[in-house]
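Where does this chain leave enclosed space, and which charged side chains pair up? The report below takes the two topics in turn.

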Amino acid sequence: MRVLIIEDEPGIANFLKEGLEEECFAVDVASNGREGLSMALSSDYDLLIVDWLLPGLSGVEVCRQFRKECSQVPVIFLTAKDTLDDVVFGLESGANDYIKKPFAFEELLARIRVQLRSSFSGNPLLQAGGVKMNLAAHMVSCNGKEVSLTPKEFALLEYLLRNKGNVCTRSRIIEHVWDIHFDADTSVIDVYVNFLRKKLDVSGCTDLIETVRGIGYVIRGE
Ligand code: CA
């Protein structure tokens, strides 16, 4: 899952980026409202985290303009404001949730997971074939045996499982699993799919990830 953080305080932005990358998210950061809005509109993010007070364009304005183009992607506000009027104003601008600064990372992470659950199929447990992925516990098992994955392997498997039954093109996989610094060499996806297949094969979950020649990959099955 790919997240855009629009936050002008470098300390908070870096803290969030590092924390979310440890949780296997691909993360981009914008440090002002205009840059953030343009990034949000030009890439296919799964979630936006937007600071309220930003140079260039306020978080509320970013959210309002983003919503004109994109109604689905969840937006969470970071705000030092906490009066009822401010909260209502923020939510009316199109945000899905907000969290007050200072906040605990774990709370933000829990709120992110709630938003991603509701924007996808609503299940914290993803599965196909003998593979089960528990997003909250960050665990993958294959026929009941735990499989150890790197963060990128985990993120790739999560994306394919979330889109179970649908072919994921290489470009969509890049958009959702890698961040903006990715150098656009799509063969790296094939390399990671092979890593994943080997680990799943060893645990007895063979042929889970199908290649769709010239297009990308798909996970089928129940
Ligand atoms: Ca700020």
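What follows covers cavities and then salt bridges in a predicted model.

## Cavities

The model holds 2 cavities of 30 Å³ or more.

Two elements, β4 (75-79) and α4 (84-92), each give two or more residues to the lining. Helix α4 gives the most, with 4 residues. The lining divides into 6 nonpolar, 2 polar and 1 charged.

## Salt bridges across the chain

The whole structure has 15 salt bridges. One of them joins arginine 2 and aspartate 28, at 2.6 Å from N to O. Arginine 2 lies in strand β1 and aspartate 28 in strand β2, so the pair ties together parts 26 residues apart in sequence. Arginine 2 is buried, at 4% relative accessibility. Aspartate 28 is buried too, at 2%.

Aspartate 44 pairs with arginine 172, their closest N and O atoms 3.1 Å apart. Aspartate 44 sits in the loop between α2 and β3, arginine 172 in helix α7, 128 residues apart. Aspartate 44 is partly exposed at 30%, and arginine 172 is partly exposed at 38%.

## Helix pairing and a network

Aspartate 190 and arginine 170 meet at 3.1 Å, N to O, in a salt bridge. Aspartate 190 belongs to helix α8 and arginine 170 to helix α7, so the pair ties together parts 20 residues apart in sequence. Aspartate 190 is partly exposed at 22%, whereas arginine 170 counts as buried at 18%.

Glu7, Glu9, Asp51 and Lys101 form a network of salt bridges.

Key. Residues numbered from 1 in each chain as written. Predicted model: local features only at pLDDT ≥ 70, side-chain atom pairs only at ≥ 80, totals over all residues. Heavy atoms only, no water. 1 Å grid on protein atoms, 1.4 Å probe; cavity = no way out; pocket = protein on both sides within 12 Å on 5 of 7 lines; lining within 4 Å. Points joined across faces, edges and corners; volume = space filled by probe spheres on them. Nonpolar A, V, L, I, M, F, W, Y, C, P; charged D, E, K, R; others polar. Salt bridge = Lys/Arg side-chain N within 4 Å of Asp/Glu carboxyl O. Buried < 20%, exposed > 50% of the residue type's maximum accessible area, 1.4 Å probe, protein only.
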